[in-house]
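Look at the sequence and the structure below. This report walks through a few places in the fold, one at a time.

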Amino acid sequence: MRVLQQVAKLSASYEFSISHSKSLKRGTLTDIYTANRILTGYAKCSDINAAYKLFEEISHKDIVSWNSLISGFINHGELNTAWFLLRSMRKDGISIDEYTFGSILKGVAYNESLDYGQQVHTLIIKMGFEGSIYSGSALLDMYAKCERVDDSRKVFECMPERNIISWNALISGYAQFGDRQTTFRLLDHMDKESMRLDDGTFSPILTLLDDPKYYRLVLQIRAKIIKNGLESNTTCCNATITAYSECGSIEDAKKVFNDSVGVRDLVTWNSMLAAYIVHNKGELAIRLFIEMQELGFKPDIYTYTSIISSIFEEMHQNQGKSFHGFVIKRGFESSIPVANSLISMYVKSNGKFMEEAITIFETMEVKDRVSWNSIIKGFSQNGFSESALNYFRQMQLKNLVIDQFTFSAVLRSCSDLATLQLGQQIHLLVTKTGLEFNEYVGSSLIFMYSKCGIIADAKKSFGSTSKESSITWNSIIFAYAQHGLGKLALEYFKKMRERQVKLDYITFVAVLTACSHSGLVEEGKEILKSMESVYGIPLRMEHYACGIDLFGRALLLDEAKALMESMPFDPDPMVWKTLLGACRMCGDIELASQVARCLIELEPDEHCTYVILSKMYGHLKKWDDKASLKRMMKERGVRKVPGWSWIEVQNKVHAFNAEDHSHPRCEELYQMLGDLTEEVICSIP
């Protein structure tokens, strides 16, 4: 679509250049009307150099000549040049009119240059244009875009006459400010004054409806759109699709999309694509991506960033690689947002494609904060905690702004390595940057102190963090769960309900974990029963796994097995592993063998299943079965992954695994280990 528009502009510019040549040949360029017509044509086609050259050649410039050139520079994104022309106009004694002000204020609004805007406002008053509906509308739009909505309202109230542009500019300002109450009050006033509503009225209003509790309001706005004959308006369709999606109704979003055949633009397709992605409809998103191209719509940067960063589950790995190929083919690989999305896509692969993510990151000529956050988060999530900390240090050396997402990822790495000293230093950095009240950072601090065994500091971090959403509450419940303080975890769950904090599925994973680790079987059973009926949250795979673990730890293997059999969907490997763990605790080798067979079929290369079953065979002295299992591992090339240990000495993390010789002081370490072993042996009577 953009390519076609560019071709159309070039074609039109070529036509005006022919017209220009003919006028020069005939000597008609001295006619100001002819010269202005060609000048305006050049400016509208974005051929700003030709427009400026012609402007310089016009000997008797009038207000139209100046306004056309100023408008051209504004549309070309050159506010400073347009501002220089405005000053030249005044210097040459050219009378400025409302259209001059309108163009300049459009550029000021786009660049959010409040200082310029206030100077123009003074000039408007000085020249007596404050009563002009055109200048007034441009002025209030400028203040709204510069986030000075109160000033915008003052201009609006001083206007002797208002039109749809004035009303829409004010509504857009309040919508941008997030003031729903005033926005809807203005809409009611427009209705009472029988104003004609258009897409500029409805689009900003729909952006405010971004939660399921506003679903009925979206229905009402949709009814008004239809009443005003705008149901086929592209802008209204796009905004409605997004609003329905944000309010939880993918079905209504799809209906609006289906009804928009014939008026769809690229934004329509991107809006529906984003809706599918938000609602975890990956397969449908991929189908839509293919369909839009079949119908002649070429994906843009937004299309690629949306689909790439959101779809890379196990089943979509081939598509992910294909998307990367599309990006290279279309020449978007140098785009920072697209490269960031590719990094985000690859780091979601459970560590399998971290090399690809690192390669993209390292080959980026320009890296922004999102690039650094994506790679650091990738290292942190995939267990490469040391690399996450190294990249964080590099980020600091480059004096980049560190935000809540950086801190969250780095604190998670400190948690995984249990590096308390480093975690405390990062906590100091958090405090210096004023982010200790951020819920994501607060949640990570709670988790870090909990993993490092300092539950008192985890509680302090919870106390100093925002408690409006479930994020920090979930973290403190998890913290108490990990420390076996189930009763305290349930107390916080109770406080959470009393404060009417919105519960989510993670809340119940945390609470069920607390019950499981503290042997609170009856409480856990009650929570499992009431999740959907009382709290309206359907059980997910994680909740069933927690329930099975709860029964397994309580040696109630039959109940664990019954819970898994009651699942309305097929269990994933996580659930099977939890049941295998329950079998190990209960010593049921028969059921363990059946579960292990299912797991080996699902994940033939996962060493944990073989190790657990092998240990059970050894414990029960089933040596033949153990030998058979080890033979199977050897045939399939499955090796036990050695565990790692970390120790923090003088702010440096040292990592070791079994029979490791990679440490630079390896010989000294093994010498010391040998000496200690001898001392232990000698001390045995």
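What is the relative accessible area of W269, and is W269 buried or exposed? The relative accessible area of W269 is 0%. W269 is therefore buried, since buried means under 20%. Keep in mind that this is a predicted model.

**Aromatic rings**

W269 has a partner. A pair of aromatic rings is described by the distance of the centres and the angle of the planes. Across the whole structure, a search finds 28 aromatic pairs. In one of them, the ring centres of W269 and F297 are 5.6 Å apart and the planes meet at 45°, so this pair is tilted. Where do the two residues sit in the chain? W269 is in helix α16 (residues 266-278). F297 is in the loop between α17 (282-294) and α18 (301-310). The pair therefore ties together parts that are 28 residues apart in sequence. F297 has a relative accessibility of 15%, so F297 also counts as buried.

Y346 and F353 make another tilted aromatic pair, with 6.0 Å from centre to centre and 40° between the planes. Both of these residues are buried. Some rings gather in a group: F289, Y304, F323, F326 and F332 form one aromatic cluster.

R264 lies over the face of F257, 3.9 Å from the ring centre. R264 also lies over the face of W269, at 5.1 Å from the ring centre.

**Helix α23**

Now turn to helix α23, which covers residues 385-397. How far apart should its ends be? At 1.5 Å a residue, its 13 residues should span 18 Å. The end C-alpha atoms are 19 Å apart, which agrees. Which residues of α23 are buried? They are S385, A388, L389, Y391, F392 and M395. These residues cover an arc of only 165° around the axis, which puts them on the same side of α23. What does that side pack against? The buried residues of α23 pack against α21 (354-363), α22 (369-381), α24 (404-417) and α25 (420-432). After α23 comes N399, with a positive phi near 55°.

N238 lies in helix α14 (residues 234-246). Beyond its neighbours within four places in sequence, N238 is in contact with D265, V267, T268 and S271. Take D265 as an example. N238 and D265 are 27 residues apart in sequence, and their C-alpha atoms are 8.9 Å apart in space.

S443 belongs to helix α26 (residues 439-451). Leaving out residues up to four places away in sequence, S443 touches I471, T472 and S475.

How many disulfides does a search of the whole structure find? The search finds 0.

| Residue | Relative accessible area | State |
|---|---|---|
| N238 | 8% | buried |
| S443 | 14% | buried |
| C146 | 12% | buried |
| C247 | 5% | buried |

Each row falls in the buried class because buried means under 20% relative accessible area.

To recap, W269 is buried at 0%, and W269 forms a tilted pair with F297. N238 in α14 touches D265, V267, T268 and S271.

Definitions and conventions
Residues are numbered from 1 along each chain as its sequence is written. This is a predicted model: local features need pLDDT of at least 70, side-chain atom pairs count only at pLDDT 80 or more; totals for chains, interfaces and linings use all residues. Side-chain values use heavy atoms; hydrogens and water are left out. Helices (H or I, at least four residues) and strands (E, at least two) are DSSP runs, numbered from the N terminus. The expected span of a helix is 1.5 Å times one less than its number of residues. Buried means under 20% relative accessible area, exposed over 50%, partly exposed in between (1.4 Å probe, protein chains only). The arc is that of the directions from the helix axis to the C-beta atoms. Contact means heavy atoms within 4.5 Å. Rings of Phe, Tyr and Trp (its six-membered ring) pair if their centres lie within 6.5 Å; planes under 30 degrees apart count as stacked, over 60 as edge-to-face and the rest as tilted. A charge sits over a ring if NZ of Lys or CZ of Arg is within 6 Å of the ring centre and within 35 degrees of the ring normal. A disulfide is a pair of cysteine sulfur atoms within 2.5 Å.
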